[in-house]
Amino acid sequence: MILPLAPTDLLPKIIMGVDPGTNLMGYAVIEVQGQRVRMLEYDVIDMRKLGTNHALKLKRIFERMTELIDEHLPDELAIEAPFFGVNVQSMLKLGRAQGVAIAACLARQIPYVEYAPTKVKQAVTGSGNASKEQVAHMLRQTLKLPPIEEAPKFLDATDALAVAMCHHYQKGNNVKAGSKSWGKFLADNPDKMAATTTIKKPVRKKPAA
């Protein structure tokens with residue numbers, strides 16, 4: 001007996017949301033199956049102890065994003081577009097941080113979509129001018145999150161969760177067809193897993209006598 005294939009929207013899908021930052025970068029991972037949404041993890045990448053060394057911060061973002069990808073195997077990345085402020089240097093640094101987070105996903109064959117901050121707030125609260133606190137409150141009600149005293153310390157985490165939920169509300173319409181997820185990539189190429197965790201040291205040639 002041949003069983004009918006399940007509709008695509010009924011298959012479990014993992015979405016990672018990211019709120020870029022150069023001191024605190026929020027991230028969230030949700031599992032979506034039909035209309036059911038389950039929050040798997042949300043927190044921040046804290047880079048404040050790295051001081052003003054921007055290169056070390058970018059390295060930390062890439063390493064932590066890679067760890068999260070390998071742990072949760074997301075199918076899609078939703079990331080908030082940088083807010084265009086008046087400080088050009090801050091904008092450049094924020095853009096680099098966002099680019100590194102995207103690069104970590106692209107290295108694992110994960111498609112990404114950008115959402116404007118107002119788009120995210122509108123999708124979650126109904127108002128594009130909502131505050132971070134209002135976004136967090138709405139998410140706690142929608143997802144029935146643990147009590148506030150058990151929530152992450154920083155609102156950057158709920159901002160990232162809002163980005164993931166915004167993407168879910170779009171039903172994946174912004175994701176290009178045919179893009180492969182990291183989970184599917186590993187299933188199709190099991191030998192690649194070992195390769196991604198093995199770092200080969202370069203062989204240095206001895207100088208000629």
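This passage describes the fold of a predicted protein chain and the surroundings of selected residues.

The model is predicted: local features need pLDDT of at least 70, side-chain atom pairs count only at pLDDT 80 or more, and totals for chains, interfaces and linings use all residues. Residues are numbered from 1 along each chain as its sequence is written, and side-chain values use heavy atoms, with hydrogens and water left out.

The protein chain contains seven helices and five strands. Helices (H or I, at least four residues) and strands (E, at least two) are DSSP runs, numbered from the N terminus. Read from the N terminus, the order of elements is β-β-β-α-β-α-β-α-α-α-α-α. Of the 209 residues in the protein chain, 41% are buried. Buried stands for under 20% relative accessible area, exposed for over 50%, and partly exposed for values in between (1.4 Å probe, protein chains only). The accessible surface comes to about 12700 Å². Carbon and sulfur atoms account for 57% of that surface. Accessible areas come from the Shrake-Rupley method with a 1.4 Å probe; for residues, only the protein chains shown count as cover. Contacts (heavy atoms within 4.5 Å) were also counted between residues at least 6 apart in sequence; 64% of these join residues at least 24 apart.

Strand 2 and strand 3 (residues 36-46) run antiparallel and are joined by 10 bridges. Two strands pair if DSSP finds at least two bridges between them. The two strands form a hairpin with two residues between them. Glycine 34, in the turn, has a positive phi of about 65°. Glycine 26 stands opposite valine 44 in strand 3.

Glutamate 31 lies in strand 2 (residues 24-33). Glutamate 31 has a relative accessible area of 15% and is therefore buried. The side chains of glutamate 31 and arginine 36 are joined by a polar contact of 3.4 Å. Such a contact is a pair of N or O atoms within 3.5 Å; within protein, one must be able to donate a hydrogen and the other to accept it, and residues adjacent in sequence count only if both atoms are side-chain atoms. Leaving aside residues up to four places away in sequence, glutamate 31 touches Pro12, Lys13, Ile14, Arg36, Val37, Arg38 and Leu40.

Methionine 138 is located in helix 4 (residues 132-143). Its relative accessible area is 26%, so methionine 138 is partly exposed. Methionine 138 touches Val124 and Thr125, not counting residues up to four places away in sequence. Threonine 158 is 20 residues from methionine 138 along the chain, and their C-alpha atoms are separated by 10.0 Å.
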